[in-house]
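Have the structure open while you read, as I go residue by residue in places.

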Amino acid sequence: MYKKQMILQKYACIAALIAAALVFVSSLGLSTDLYDALSRTILYPDYDLDATSVPGSRVYYDMFSFNSAFTKAGIALILVSVILFLTNTHTRRKYYIGNFVATGLSAAASVGVSAWCLPQLANYKARFQNEVDFAALEAFSKDWGTLYIGPDDTFWFDLTYAVFGFLLFTACLLVVNLIFKLKVMKAEQAALGKGKGE
């Protein structure tokens, strides 16, 4: 039981770091296609987002501040995940207060960022699919040689859903590991007490 728990805690911490890194990468990729396809359609991006060659294309600029915060959230998740390693949560035989705090902080941050991001991602995906005039976008892309993406070209939106699914899975894994760890520590304590009693 002890060896299994040690393996679980190591991989749970590694998975948490990987998931955080994937959140950061997906935040960078999310606006790439939208930028290439929609940014040049806005005639006066500094002061009139409705002056556009493609109705609905302002969705890219409307989600810009969210995407910037999304990227910062990815960086924050990476930093929080690093705390797991700074406190040796991935290798420590016995957990101390720092390990409990690091685990709780990582799991809470993962759930919090997911709860904040997922509804907004769903909203912007729906706006992209429903508001953009794709016939006008296709004509614009042919005239100006820009990228054309259709209403079903939502790879980055869909990928972020998978990434957040993985992030929430790692949060659950950290909590399961913590419960498992408490049981192992209790069993070890009981064994030590029994040994001393003999």
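**Notes on the predicted model**

1. Start with Lys181, which is buried (under 20% relative accessible area; exposed is over 50%, partly exposed in between, with a 1.4 Å probe and protein chains only), yet Lys181 has no salt bridge, and Glu188, the nearest side chain of opposite charge, is 6.6 Å away. A salt bridge here needs a side-chain nitrogen of Lys or Arg within 4 Å of a carboxyl oxygen of Asp or Glu. Lys181 belongs to helix α6, residues 155-197. Helices (DSSP H or I, at least four residues) and strands (E, at least two) are numbered from the N terminus.

2. What does Lys181 touch, leaving aside its neighbours within four places in sequence? Taking contact as heavy atoms within 4.5 Å, the partners are Gln5, Met6, Gln9, Arg92, Arg93, Lys94 and Tyr95.

3. A word on ground rules: this is a predicted model, where local features need pLDDT of at least 70 and side-chain atom pairs count only at pLDDT 80 or more, while totals for chains, interfaces and linings use all residues. Residues are numbered from 1 along each chain as its sequence is written, and side-chain values use heavy atoms, with hydrogens and water left out.

4. Now the overall fold. The chain has 6 helices and 2 strands, and reading along the sequence gives α-β-β-α-α-α-α-α. Its C-alpha trace spans about 85 × 30 × 25 Å along the principal axes. The radius of gyration, taken over C-alpha atoms, is 23 Å, whereas a compact globule of 198 residues would have one near 16 Å. That globule rule is 2.2 Å times the number of residues to the power 0.38.

5. Of the contacts between residues at least 6 apart in sequence, 78% join residues at least 24 apart.

6. Which salt bridges are worth a look? By the rule above there are 6 salt bridges in total. Side chains of opposite charge can pair when their charged atoms come close. One of the pairs is Asp62 with Arg127, at 2.7 Å from N to O. Asp62 sits in helix α2 (residues 59-62) and Arg127 in helix α4, so this pair ties together parts 65 residues apart in sequence. Arg127 counts as buried, at 19% relative accessibility.

7. Lys125 and Asp158 also meet in a salt bridge, again listed at 2.7 Å, N to O. This pair links distant parts of the chain, with Lys125 in helix α4 and Asp158 in helix α6, 33 residues apart. Lys125 is buried at 16% relative accessible area, while Asp158 is partly exposed at 33%.

8. Arg58 bridges to Asp50, with the closest N and O atoms 3.1 Å apart. Arg58 is partly exposed at 26% relative accessibility, and Asp50 is exposed at 56%.

9. Last, have a look at Asn88, in the loop between α3 (64-86) and α4 (97-131). Is Asn88 buried, exposed or partly exposed? Asn88 is partly exposed, with a relative accessible area of 31%. The C-alpha atoms of Asn88 and Asn99 are separated by 7.4 Å, and the two residues are 11 apart along the chain.

Terms used. Lys and Arg count as positive and Asp and Glu as negative; His and the chain ends are not counted.
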